[in-house]
Structure formats: structure tokens, C-alpha cells
Amino acid sequence: MRISNWKQRFVFALLSFTLFSSHAQEELPPDQQLVQVGVLAIRGSMDAQIRWQPTLDWLSQRIPEVTFELHPHDLRGMAEAVEKEQLDFVLTNPGQAVQLGRKYAFSWLATLTSGAPHNTNYGIGTALIVKKDSPYHSVQDLFGLPIAAVSQNAFGGFLTMRYELQQMGIDTSRFFADVRFLGFPIDASLYQLRDDVVKASVVPACLLEKMSVEGLLNKDNYRVINLKPHAQFHCQASTQLYPNWSFAKTPTGSETLAKVMTQFLLAMPAESKPLHALGASGWTSPVSFLSVDKLYQALDLHPLQQPWWVDAYRWLSQRQQWAWGLFVLVIVLNGYHFWLEFRFSKSKKQLEQTLFRLKEKSEFLEHSQRLSIVGELGTSVAHEMNQPLAAIRNYCEGVALRVEKQKPSAEVLPLLEKVQKQVDRADAIVQRLRALIKHQPVVKEYCDIDQIVRDSVDLLQNRIRNEKVALSVVICGKKFDIQGDAVGLQQVIINVLNNSMDACKLFHQQYLASNYEATVKIQVEYSNPKLIVTIIDNGTGLKVERPLEGLVTSKKDGLGLGLTICRDIIEKHQGTLTICSKSPHGCQVTVTLPGLDEAV
């Protein structure tokens, strides 16, 4: 039965289109006025002819010497026809009515009233439709899914749905991430949903019901999401309702004819064939488009909205004194900005120069402190050099004596080998001393901390013996190399050892303890990834609260810079140097250096 109804409607539509086309092509009497009426054909030209041609014929029959010719258009075609002044009157939905009416001098004649069960002037809305057996039951379920729509500017479809979602606080760009605009006719959107090409369809309200009546779809197979209850509206809608279709006169239309048309439209009986074709109950006075204006304003699409710079220019034009004041203020602020930039650049250069000079002085201070250490080591170095020199002299005398006696070479060679060893010993002492004296830039390389400790102890060996200091070296953990400045690290160890022996000597002088034995312990602990060197003595301990701040010393001729320089050297190695007192007396200096992985 439904298929037969569909066939009957198709044949009727084809015959009607043929008759209307032939009627439009008939030659008009010489005194007959031809009036051009544009209609928004949302379901195609044939559907527009079926719905609206009876209304135009009804007017043609009642207004003498006037024939109304219908021209179906899509959104763009209607706007172009009005712009080119090709239309005298238009029949369109409220969305395009606002877009055209705010741009051209339209005169609104009447608004269509919806039909049963209740008459209402609001009949435009949107239905968000999914299949009945789909798992989607709310708007949130459709985020980012494929959705079919007619056009991004279609009122009663995409625009009204977008505004509704925006009012709900939903990010429409994410919701419509995969929207597909199919254009007119609007039936294609539901066909795409039927064929599972998309998951939902955005169409005008009542389209599903109309296509179901026409036998094109079965509305029971579909479901409307975000359903809004409307007491005076018989179709399902997902949005609020907006004013119905309206009849308007364009700037080229006749005002006299518009008055007559309005009278006949308002007087059209509810049971007339034109209203039956439209599914309406009549025409009423034009309805306010305020709700449509608010929608376009919220979406930044209103035709009267202008870019912000246009409003700014208008404001400045009306208040020129403020404009000039603002202009002068901008110039002054820019000048002040450039002046600050100049001052900042100049101060930056001065600061860089100061830092460079400070670095030079810091390096010079380190070198001076090393020279001071060398001066203190003079006696020790002289004694150390005397030992290999005396041994060399004795061995040389022995060689000369054996040569005079013409002893075999087998007795001479061992003495020469001993001479060579003493020469190497003297050379090592000289090299260690030269390394301390030489002023060279810091070069970090792989260092053996055990060797650095041994070299430091050798340089201080004479003082250690003279002052009868019991010095011990303890090494624990699995050995690994570090990366650093060997000369700088040796400078730190020598400085700390000198301070420890000074503290032990001072303690012995102050307390004259007969059983006192000065002890200094050096502990090297390989605790991967850190290396910890600890030097502990049993001297007087700390006499000042903050020995690392500089210019603080307990020595009579000291400057108080030794430990400060040591701290700076260790910090250049990304390490730390700490000092604390030991109970009952003594001091502990701890140097912590990072391993290769941490140093990088």
C-alpha cells in the first residue's frame, strides 16, 4: 500500500511539473504583468513546484492582470537572484530572511502558520536523527562521528543545531569534526544515514515525517536525539523552534501589489488547496525574527556584524582628540621602550666586561695561592731534592772507583741503573712543582685521584716527618676515573693538608700534651657515581663559624682566602666542599665529586 502511494505521488508530481512548466511558457496577454517569485527549494525544484505553485496560482486568479512565476533556488542562487534584481518577491525560511532582509530593503508581507493539531507561527527547527537500533542515545555519544548535513549556512538544519549545542556548552568544532555537507536536496542526508554512510543526520524538523508519509522512509526505523517537547508542534525536533516561512517583497517589487497580496494571503481559507499543499493552516502577520538575530549574533554570522577594526575606526573618527592622544601615547611608549632597550644593552655589555675581569682576577688569585703554597714548600722541596742528588753523587763516586780499578761492566751497570732511578725521582719532584707554579687555563681531563693524593703527600713529606705527623691513606670501593683539573684538585688537597697540620701544631703548642700525637687521615671512597675524599685531623678544630666565606682566618699572617679558593675549584667540578668540627677536637673536610655520568 505504501509503495502504491509513493508511485501515485511521483506520477502526480511529474504531471504537475509538466503542467506548471507549460503554463509558465504560455504567452501572456499584452496587458498581463509577470511577477517573479523566488522560492528556497530545500527538497529540490519539483518539490518546490508542488508545494508553492498552488499558492501563486491562487493569487494569480484573484489579482487581475498579474501572473506570478515561480523560480526555485538554493541558498546561493536566491542571494544572487536578489542581488541582480531578478526577483520581485521571495518565499524563504527565517534564516535566509534575516540574511537578505538585513542587507536589502525587504518588506515582509506574511508568515505561514503551521497546521494541525495546533496552529503556531513557529515551525522551523532541527532534528538530529540516528538509526533506532544504533548505540547512540545522547549528543555526547556522537562526538567526532560522521554526520551528514545540508550546508554550513543552512538554517533549520546545521546552524540551528550548532547554536543549540553551543547553548549546551558543547565544543561544536569537536562535535562536528567529521561533518559532511551534501547540499540540496535535503533528502540525501537521510539516505546517507539509511545506507550507513554516516552515523547521524542533521535535517529540518518534519522532514522524517514527510518522507515517511511519502513512502520514502519508515520513521519507525529512526530515532531523534536530544528530543525537545513542543506542545503545539506535531514533529520531533532537537532544538527550539523558530518563525515559519515568510513572504517578502524585494526592492524591485511593487508596493501596491504587495498590499493586495497581503490582503489575499491573510484571507486565504484554511481548507484551501494551497494551504493543503503546504500542510499549513493559513497566513498571519509577519513574526519577529529576534530569535534568529540572536542566533546569528551568537555564531558571529549576523550580516550587520562588522570586524572589530571597523568599530575601532568609527570610535576613533568620532573621538579624534582621544585618537590623537592615543597616537602620541603609543609614540612615547615606543620611544621609552627603545630607550630602555638601549640602556639594557649597554648595561649588559658592562656586566659582561665586569664578569670577564672578575674571572681573570679569580684565576690570578688561584695562581697566587698556588705560588704561596710553593713558597711554603720551599724547605720540603729542597730536602726532597737533596736526597736524590746525594744518592747520585755517591753512586757516581762508586762508578768512578770501579772504573779506576778496571772492574768488569757487570759491577758498574747496577750503579748506573740506581743513578737513573734517582734522576727520575728528582725529575718527578720538579714536574710536580712546575705544575703548581705554571699559570695555565683550566683543562678538564681524566684524572686518577689516587695518584693526585700520593703526589700531594710526597710534596709535603718533609714537613710530615719534621712535625712527626702520623698520616694515613685509606682507599675503599671500586676505583674509577673522574674528569677534572688535576692541578686544581692537587691544590685543594695540599691546602687542606697544610691547614690540618697547622691545626695539629697549634693544638700541641696550646695544650703541651705530652702524650699527644698529631694524626691526619685521608680517606678516598669510590661510591659510584660519586667520589668522596675525606681529610680528618685531631687538631684544634674550627675557630670561626663560616670558614668558607672568605677573609676569615685564624692564622697570624693568613688572608682567609685559601678555603674559599678551594671551594670555588670544587664547585667548578660540580662538586661540594664541606667543613665540620670533630669531637673532642679536630676537623673534617669532605670533598664530593661527581662521576663521569653525573658530570655530563
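Exposed here means over 50% relative accessible area. The model shown in these close-up views is predicted.

**View 1. Salt bridge between Lys131 and Asp196.** The closest N and O atoms of Lys131 and Asp196 are 2.9 Å apart. Lys131 belongs to strand β6 (residues 126-131), while Asp196 sits in the loop between α7 (187-194) and β9 (200-204), 65 residues apart. Asp196 has a relative accessibility of 52% and therefore counts as exposed.

**View 2. Salt bridge between Arg102 and Asp293.** An N to O distance of 2.7 Å separates the closest such atoms of Arg102 and Asp293. Because Arg102 lies in the loop between α4 (94-101) and β4 (107-114) and Asp293 in helix α11 (residues 290-298), the pair ties together parts that are 191 residues apart in sequence. Arg102 is partly exposed at 28% relative accessible area, whereas Asp293 is buried at 11%.

**View 3. Salt bridge between Lys479 and Asp448.** The two side chains meet at 2.9 Å, N to O. Lys479 is in the loop between β15 (470-476) and β16 (482-484), and Asp448 is in the loop between β14 (445-447) and α16 (449-459), so the bridge ties together parts 31 residues apart in sequence. Both residues are partly exposed, Lys479 with a relative accessible area of 43% and Asp448 with 25%.

**View 4. Surroundings of Phe68 in the largest nonpolar core.** This core has 85 residues, and Phe68, Phe247 and Trp283 have the most contacts inside it. At least three of its residues come from each of domain 1 (33-119 + 245-289) and domain 2 (126-240). Beyond four places away in sequence, Phe68 touches residues including Val35, Leu56, Ile63, Leu257 and Met261.

How values were computed: Residues are numbered from 1 along each chain as its sequence is written. This is a predicted model: local features need pLDDT of at least 70, side-chain atom pairs count only at pLDDT 80 or more; totals for chains, interfaces and linings use all residues. Side-chain values use heavy atoms; hydrogens and water are left out. A nonpolar core is a set of buried Ala, Val, Leu, Ile, Met, Phe, Trp, Tyr and Cys residues joined through side-chain atoms within 4.5 Å. Buried means under 20% relative accessible area, exposed over 50%, partly exposed in between (1.4 Å probe, protein chains only). Domain bounds come from an automatic or database domain assignment. Contact means heavy atoms within 4.5 Å. A salt bridge is a side-chain nitrogen of Lys or Arg within 4 Å of a carboxyl oxygen of Asp or Glu. Helices (H or I, at least four residues) and strands (E, at least two) are DSSP runs, numbered from the N terminus.
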